[in-house]
Amino acid sequence: MRTTFRGLIATLAISPLLASCFVSGDSSASDAADADARLRVALAIPPSQALSPYSNDATVLSKLFVAEGLTVLGEDGTAEPALAESWTRESDTTWTFELREASFQDGTEVTAESVVNALTRANDAEPKPRVLSDVTLTATAVDVDTVTLTTGSPDPVLPLRLASPALGIFSASAYRQDGTVSPVGTATGAFEITELNGRASATVDRFDDYWGGPARASGIDVTWIADGTARANALRGGDVDIAEWIPTAQAALLDESTRHEVPSVRTDGLILNTGSGVFTDAGLRASAREAVDGSALVDSVFGGYADPAQGLFGPAVPWAADHRVGLTDRAEARTTAEVRARTEGRTVRLATYTNRAELPEAATVLQQQLEQAGFTVRQDVREYSQMEADLLAGEYDALVLSRVTLLDTGDAVAYLASDYTSDGVYNIAGLADPDVDEAIRAAATESDPERRRQRIMRAEAEILRTDAVVPLVHEQVVQGIADGVEGVLLDPRERSLIDLDTRRA
């Protein structure tokens, strides 16, 4: 089994879980029993696009070990081999990847042509996957197991980018004429989706021909439970083995042995729509920033499972604090009287979603803070999949968003580019600021790791200067794992959950 970031995050589990992370291949009565056991998993956010890898659903395919890309995150956050055994950087814009021998779940072989097809489809998708928002990718087959990838501009972290869940490699049968992608029985991972029941559930079976060897569990029965209290109750009642994202209000009600806290690269922030509505006025954005106090949420809403925001990147990104840049040239906040005068007859449409139980509570606190500053606020709280299209279309003035900042590539530049550049595919803030664009471009082209981090933090300062986002808290994630379930991955980046060794003992 390859050494990957999965090995690192497994070590974040408590000691009963650690014992299962490195097991021998010897058969035993216990192993035979394991082979018949299925895992029951409750996930929080129902599919918005039938588990398309080009949507936020992509992380489900990664968490369940269904799909994989050419690379995977390594223990130190660098790229390590997955479907590609090795790679070479030929020039600033050209890389060559050598493929391993592997099969798709529909029985076809992974070849250079199939990889070219998958990556070309991702590059041409509308909208593009967030991970490709700042790069143009051209794939060419050199021979049956060699692929050349060329980028429109230098991309020193391309192997890291290719580890994104959004760039999983699927067989030709996955890609439909209407542009959709079906991961059902078409991926390469250790588990195969055999049935997808809309937004309610999925049946996932072990893929015995997985190149890394068969998984210990025979399959996974997935249920989507959007309500966090219901997920916690399902774990307590013995209906599921793993329940992700336990609400902090429910965490204390779980037995200590089933409650697992994970430091997270997730930052919650108030996104302000700079493209239309009330917050096109920089002074009103500054007033919102002055009014909002994220530290008030740490204990009252998150029950202590969070840290006050330091910026876009928190304590789980250890290099961020050392490179943080002071903010200058911010707009001056308007007085309460000015806020009321400039917003007379206008209502701030404040959105958030129910899939993370703390966010509606946080929105209520923020509404009160904004109203004290002179704004009139109306909330719209729904399940995320029901509002994503409206968010991207700029239908709201403000959004309380929980964002995994290193989800897309493990490198912060892709997150900044997708969320805050003028042509970013997840630019809910509608931000179009030339200085922000230039700062993010400068970070994207830097190949030296230390200088890249410095430029990332300069870009953070440029973004915060605009008040397009007001960071609130850096979350800690609570995962629920039933007693007797071993080998679950506790991932700060929230990409991984199930591995080859995950099983019910």
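Strand β5 (residues 94-99) and strand β7 (residues 146-151) run antiparallel and are joined by five bridges, where two strands are taken to pair if DSSP finds at least two bridges between them. Helices (H or I, at least four residues) and strands (E, at least two) are DSSP runs, numbered from the N terminus. The structure is a predicted model, in which local features need pLDDT of at least 70 and side-chain atom pairs count only at pLDDT 80 or more, while totals for chains, interfaces and linings use all residues. Residues are numbered from 1 along each chain as its sequence is written, and side-chain values use heavy atoms, with hydrogens and water left out.

The strands belong to an open sheet of four, which has the order β4-β5-β7-β6 and antiparallel pairing. Its edge strands, each of which pairs on one side only, are β4 (84-89) and β6 (137-143). On average, and with direction ignored, neighbouring strands of this sheet are turned by 25° against each other. Helix α5 (residues 112-124) packs on the sheet and touches β5, β6 and β7, and its direction makes about 170° with that of β6. Contact here means heavy atoms within 4.5 Å, and axes are lines fitted to C-alpha atoms, for helices over the stretch in contact, with angles running from 0 to 180 degrees between N-to-C directions.

The loop between α5 and β6 contains proline 127. This proline 127 is joined to glutamate 126 by a cis peptide bond, with omega at about -10°. A further backbone feature is found at phenylalanine 65, whose phi is near 60°, a positive value in a residue other than glycine. Phenylalanine 65 is placed in the loop between α4 (58-63) and β2 (71-73).

Two packed helices are described by the angle between their axes and the distance between the axes. Helix α15 (residues 412-420) packs against helix α16 (residues 434-445) at an angle of about 155°, with the axes 10 Å apart. The two helices α15 and α16 are therefore roughly antiparallel to each other, since angles under 35 degrees count as roughly parallel, over 145 as roughly antiparallel, 65 to 115 as roughly perpendicular and the rest as oblique. The crossing of α15 and α16 is left-handed, a term used if the near helix is turned anticlockwise from the far one by less than a right angle, with right-handed used if clockwise. In this contact, Val413, Leu416, Ala417 and Tyr420 of α15 meet Val436, Asp437, Ile440, Ala443 and Ala444 of α16. By class, the contact of α15 with α16 has eight nonpolar, no polar and one charged residues, where Ala, Val, Leu, Ile, Met, Phe, Trp, Tyr, Cys and Pro count as nonpolar, Asp, Glu, Lys and Arg as charged, and the others, Gly among them, as polar.

The axes of α15 and helix α17 (residues 449-466) come within 10 Å and cross at roughly 25°, which makes α15 roughly parallel to α17. This crossing of α15 and α17 is left-handed. Ala412, Val413, Leu416 and Tyr420 of α15 meet Arg452, Ile456, Ala459 and Ile463 of α17, and by class the contact of α15 with α17 has seven nonpolar, no polar and one charged residues.

For α16 and α17, the axes come within 8 Å and cross at roughly 165°, and α16 and α17 are therefore roughly antiparallel to each other. Here too α16 passes α17 in a left-handed crossing. The contact is made by residues including Val436, Ile440 and Ala443 of α16 and Arg452, Ile456, Ala459 and Ile463 of α17. By class, the contact of α16 with α17 has nine nonpolar, two polar and five charged residues.
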